[in-house]
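Let's take a walk through this protein together, one piece at a time. Have the sequence and the 3D view ready.

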Amino acid sequence: MQSYDDVITSKGFLSDLKALNKTIAQSLTKAGLPVIINGNVCYSDKDEDFNKGTLSSLMEPKRKALVAMAQRSRCFVEVGIAGGHAVLLALHANPDLKAIGIDLAVQAKPSWPRVDIFVPAATEWLLKRFPDRFSFVKQDAIDGLREVASAPAFGPVDMIHLDGGKLNRMDELAAIWPALAERGYLMQGDYKNGNVRASTRAMIQCGLAREVPEEDLPPMRHRTFKVVEIGPSVLAQSVRLQDFRGKRVLLCTAHQDDELLFAGGLLSKIARKAQVHVTCFFRPMKGRADSDTRIAAMQRLCAEVGVSCTQYPFAVEAPYRRLRRYIAQDDTDGAAPVSLLRPLESHGLYPTLLETAISTLRLYEPDIVITHNPVGEYGHLEHIFLHRTMMEAARRANITTLLTFGAGQEHRAGLSVTYDTRRKKRLFKHYRPQWDGLKMYDFALDPERFVREPLFPT
Ligand SMILES: C[S@@+](CC[C@H](N)C(=O)[O-])C[C@H]1O[C@@H](n2cnc3c(N)ncnc32)[C@H](O)[C@@H]1O
């Protein structure tokens, strides 16, 4: 791996820097404008004739961090590419790196340098110089990031530099999240700004980001920037079993028995260490062998385990006919992605479920919420319905930690909980003989898994 000094003084970088600066300067001069651009990793803000000066010393820590990130990454996405200086340095730091730049390239305020002139010139130069390693999206940050996420041209994204606007960094992270590699770096530019700092703190609190471990890296923080690690594996590792101690935990299930099948082992393990409450949202439908015994079975089970529980009266479990018009999930094993055929808001039950969920979260103020997962574990449409409801309720009630059951999402990293299987087996007695989950579900005594969902507060 080349050192920072090797990269920054290499002939290749210096001659490309000279050519890029010349292109930028010519574009502005041709338009009858002074040679002034935005601050960037190489030059200070609005430094007239920057192309004739030397590299800014204030920005050296940021350049060093950028080189270190680039050398450990494969796909770099930058919001606010401006004159392309950060991209150029990153591409020189790692010949295997590819980069996507996003910029509005519109002079949104009169005080801004003429990004409408020099950004197109700089990005055209980069496209010609790195035809297979660079692409450009002329868009506002969030739309551009969504576009990249919907068709990631260079594979999973493992390096991001947010350096455009300062107000929407959490939304920007949400927009690119689906395209992230399991783990990557996020460099927050303009770290002096209060909104940028607050959004970084919120990302860490929601488990979306964590401090970079002090490995063999240059300082990853300075008044001008901060680097954090992001991605699904960061989120997955943010919850450990010991984190349940002393916490308020709310388990939200669709049906009686879900508490046992998906979380019976965990409940037994944490009942004495945490304050745990189970809420069940659907009453049993008529005509089941256990229609009249299920609620009492759940209540006995919770009493034995030592957790409290509530059965809500508003919704009744129903055959799928109605929900099939809303939720498409072809694979009964739950592996197929779920899509919505029409907005859930128009389903008659949704407003009641959502209000109940929000009120429940406000009443219990849980530190940790656990519920069904995006694929309904094995494709169960009411599980998917409640999952979506709980996600929306959690966002509205400012919940930061929401875990979903692991069944059906084995490919996602999560917290694995082993437990006393004989004890869990015994708990099935409460539902027998009318219902025997041990016979019906082969995963019933496997280790239980819980996956933390990304929640992006706005
Ligand atoms: C400080 S400069 C970026 C410097 C560059 N990252 C570097 O270090 O070489 C800010 C850039 O962000 C762009 N920008 C500002 N707000 C934006 C937004 N909402 N969406 C996309 N780009 C934006 C501006 O057009 C400008 O080019």
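Here, contact means heavy atoms within 4.5 Å. With that in hand, look at D158: not counting residues up to four places away in sequence, D158 touches R72, S73, R74, C75, A181, R183, G184 and Y185. Keep in mind that this is a predicted model, where local features need pLDDT of at least 70, side-chain atom pairs count only at pLDDT 80 or more, and totals for chains, interfaces and linings use all residues. Residues are numbered from 1 along each chain as its sequence is written, and side-chain values use heavy atoms, with hydrogens and water left out.

D158 sits in strand β4, residues 157-162 (strands are DSSP runs of E, at least two residues, and helices are runs of H or I, at least four, numbered from the N terminus). What is the backbone nitrogen of R74 doing around D158? That nitrogen lies 2.9 Å from a polar atom of the D158 side chain.

Now for helix α4, residues 85-93: nine of its nine residues are buried, so the helix is largely enclosed by the rest of the structure (buried means under 20% relative accessible area, with a 1.4 Å probe and protein chains only). Among them are H85, L88 and H92.

Finally, find the open sheet: seven strands in the order β11-β10-β9-β14-β15-β17-β16, with mixed pairing (two strands pair if DSSP finds at least two bridges between them). β11 (308-316) and β16 (415-417) stand at the edges with a single partner strand each, so one side of each has no neighbour in the sheet. β10 (residues 275-283) runs parallel to β11, joined by six bridges, and R283 stands opposite V316 in β11.

Note on methods:
A polar contact is a pair of N or O atoms within 3.5 Å; within protein, one must be able to donate a hydrogen and the other to accept it, and residues adjacent in sequence count only if both atoms are side-chain atoms. Buried means under 20% relative accessible area, exposed over 50%, partly exposed in between (1.4 Å probe, protein chains only).
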